[in-house]
Amino acid sequence: MTSSGLRAAAALLLLCAATFAAAAELSDKLRDDSELSQSTAKSFRRLMPVRFYSQVEQNPIANATLTLRSCTIFVPTNEAFQRYKGSIHVLYHITTAAFSKEQLPKSVSSDMDGNPPLYITKNRNGDIYVNNARIIPSLSVEMTNREGKRQVMHIIDEVLQPLSVQKNAKDNINNPDAMQFLQMAEQLELNDFHLRTYRSQVTLAKKESVYQSPGAHTFLIPIDESFKLSARSGLVDAKVIDGHVIPNTVIFTAASQHDDPKTSAAFEDLLKVTVSFFKQKDGKMYVKSNTIVGDAKHREGVVLAEIVKANIPVQNGVVHLIHRPLMIIDTTVTDFLKSFKFLNENGENGALRKFYEVIMDNGGEVLDDITNLSEVTILAPSNDAWNASLIENLLRNRKKMREILNMHIIRDRLNVDKIRQKNANMIAQVPTVNNNTFLYFNVKGEGTDAVITVEGGGVNATIIQADVAQTNGYVHIIDRVLGVPHTTVLGKLESDPMMSDTYKMGQFSHFNDQLNNTQRRFTYFVPRDKGWQKTELDYPSAHKKLFMPDFSYHSKSILERHLAIADHVFTMKDLVQYSEQAGNVVLPTFRDSLQLRVEEEAGHLHDENASHEWTGYVIIWNYKKINVYRPDVECTNGIIHVIDYPLLEEKDVVVSGGSYLTESSICIILANLIMITVAKILN
């Protein structure tokens, strides 16, 4: 043994002896939770993992650090240990400098071989993360050991996992950068994922420097499985490689902000690509690229990929393996649905697995129809959207399910920009492949804060992932299945922006109180807001009073005329059929009856700029023709037909000559009558 080796051995023996002779203050705390804090002692008894203490005690370097040096130690909870199945790397949880939560820098060097960094993220909510583990804020402890060295302990909710190397690895791999990670991928524990194809494209494009760049970056690397399409690898050029890197920002999944676009390395004057992370309710993490400004080789639109192995720390940032390359739009809508059925041969669920299963369980004809469309937009319900109990009852009804599935298909390329254009002056309405069935889009807010909703068959759904681009159209992922109502007539009125005036009028007159009754079946002809606005032009003084509480009796009387109550609902097809048979239809209302006739009429009832004609419905009432703007909006206790104008007579809105007496006026008259009567008696 050399003299330097003897000195090192002697030093190690001295450190071990010192450890056993006099334990460090922080080490004592790890063994005896009662001294941690009087206010948090019970919490620490529950949280402090014995397994971690034993690992520390068995590691001479960790013991020596606690005895002699300043340090920060990140201690996982018992629950974290129970979830974690891998090897525990104690030194990866220790850094040889003391940092309180406020003092933690963007990265610290761990005490593990090669000193791989630990990355610190402080998000908008005030949470602090070390790699993918959150620091539990109330359980940090600071003290001084017997050598006078400051030490800090933070409790975290996950075990810190360094880059894992295979047992039979040929090379000594310590703290590689992202390029070395790519080059040595076959020697790493990557769940049998391979990266040869993407690595070859990086080398071919001479982009090694991007992955060697010092600093702290996020690297998204597609696995070999994603290059089964033979031509796809040839589409991975230098710009696409740049689009897989988020420079100067380290994003671990637990610390990521939902759908918060980050500038990629492919962001310049003629090409602008952002990347963002989001999580579905089932816990799966996804990443998407959004080519905001494209060029001849890189089309605009969103590309969605699932993260199949996340949070792999490297010397210059973090790596996430993804199931397909970003930026590349090379699949049809049909191919996309198939690719998101299962993500690999092990049958892991894809983001649209249930949607695809329902299509195939109903014979697959819907998928054939989608394939045959040269331009198509799909509103694809997420896996969670199919869990509603009402949907389970419908799955056996193939005819009804076919209608519901067709309600999610549009014969057009409809991205968010196009929806905004249609929504500029009114709620955008778009025909589906279902005959006489329309979808109604509404955009609330501006920019990245905008929320887009779509209504179909009585259901309001929110687009949770928009503009997933394909070669022949778009896919928008929504949070509900259209056409399967889940709310009452009152719930629909309250939530639908097109019916807000009718809802307000019914509220102050208490007319709405009955509309939650699930023992009745309502057919409600609801004037849309623009219909009430037309009455303001026709009867300006009366319109104002219709929305005043003092005139609630008259408002209620008008609304009662619009509501049919029976043991079943009346669809527009029913009303057309009855009209053809009898000329007029008489519907039972609360006080009297409603007599009308319904006809089908071809024309551009919904969109004056439409390129195709379709059949709409017209109500003939009191010699007036009133267009049905949205027929057959289904609810759990009835059906709503949205009409272009109220069922209003001129005598309903005569307000002169004392025709309308307000409640206050009635009170004054009554008071006067009482006073006159009392005066007569006294006289």
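## Close-up views of a predicted model

**View 1. Cysteines without a disulfide.** The structure holds zero disulfides, a disulfide being a pair of cysteine sulfur atoms within 2.5 Å. As a reminder, the term stands for a covalent bond between the sulfur atoms of two cysteines. Buried means under 20% relative accessible area, exposed means over 50%, and partly exposed lies in between (1.4 Å probe, protein chains only). This is a predicted model, in which local features need pLDDT of at least 70 and side-chain atom pairs count only at pLDDT 80 or more, while totals for chains, interfaces and linings use all residues. Residues are numbered from 1 along each chain as its sequence is written, and side-chain values use heavy atoms, with hydrogens and water left out.

**View 2. The whole chain, for orientation.** The protein chain comes to 23 helices and 29 strands; both are DSSP runs numbered from the N terminus, helices being H or I with at least four residues and strands E with at least two. Of its 683 residues, 51% are buried. Among contacts (heavy atoms within 4.5 Å) with a separation of 6 or more, 63% join residues 24 or more positions apart. The chain exposes about 31,800 Å², with carbon and sulfur atoms supplying 49% of that area. Accessible areas come from the Shrake-Rupley method with a 1.4 Å probe, and for residues only the protein chains shown count as cover.

View 3. A search of the whole structure finds 26 salt bridges, each a side-chain nitrogen of Lys or Arg within 4 Å of a carboxyl oxygen of Asp or Glu. In one of them, the side chains of Arg-150 and Glu-142 meet at 2.5 Å, N to O. Arg-150 is partly exposed at 26% relative accessibility, and Glu-142 is partly exposed at 45%. Another salt bridge joins Asp-369 to Arg-402, with the closest N and O atoms 2.8 Å apart. This pair links distant parts of the chain, with Asp-369 in helix α13 (residues 365-371) and Arg-402 in helix α15 (residues 398-406), 33 residues apart. Asp-369 counts as partly exposed at 34%, and Arg-402 is partly exposed at 28%.

View 4. Which residue forms a salt bridge with Asp-644? The partner is Arg-528, and the closest N and O atoms are 2.7 Å apart. Asp-644 sits in the loop between β29 (638-643) and α23 (663-682), Arg-528 in the loop between β23 (521-527) and α19 (529-538), and the pair links distant parts of the chain, 116 residues apart. Both Asp-644 and Arg-528 are buried. Salt bridges that share partners also join Glu-455, Lys-492, Asp-496 and Arg-630 into one network.

**View 5. The second largest pocket.** The second largest pocket has a volume of about 860 Å³. On a 1 Å grid over the protein atoms alone, a pocket is an open set of points where a 1.4 Å probe fits, with protein on both sides within 12 Å along at least five of seven lines, and lining residues have an atom within 4 Å of a point. Grid points are joined across faces, edges and corners, and the volume is the space filled by probe spheres set on the points. The lining has 33 residues, of which Asn-132, Gln-161, Thr-253, Ala-310 and Asn-311 lie nearest the pocket centre. Elements giving two or more residues to this lining are α6 (78-83), β12 (272-279) and β14 (301-314). The largest share, seven residues, comes from β14.

View 6. Most residues other than glycine have a negative phi. Asn-115 has a positive phi near 50°. Asn-115 is found in the loop between β3 (107-109) and β4 (117-122) and is partly exposed at 41%. His-510, also not a glycine, has a positive phi of about 60°. His-510 lies in the loop between α18 (500-508) and β23 and is exposed, with a relative accessible area of 53%. Asp-592 is in the loop between β25 (585-588) and β26 (593-603), where it counts as exposed at 58%. Asp-592 and Arg-561 are 31 residues apart in sequence and 7.9 Å apart in space, C-alpha to C-alpha.
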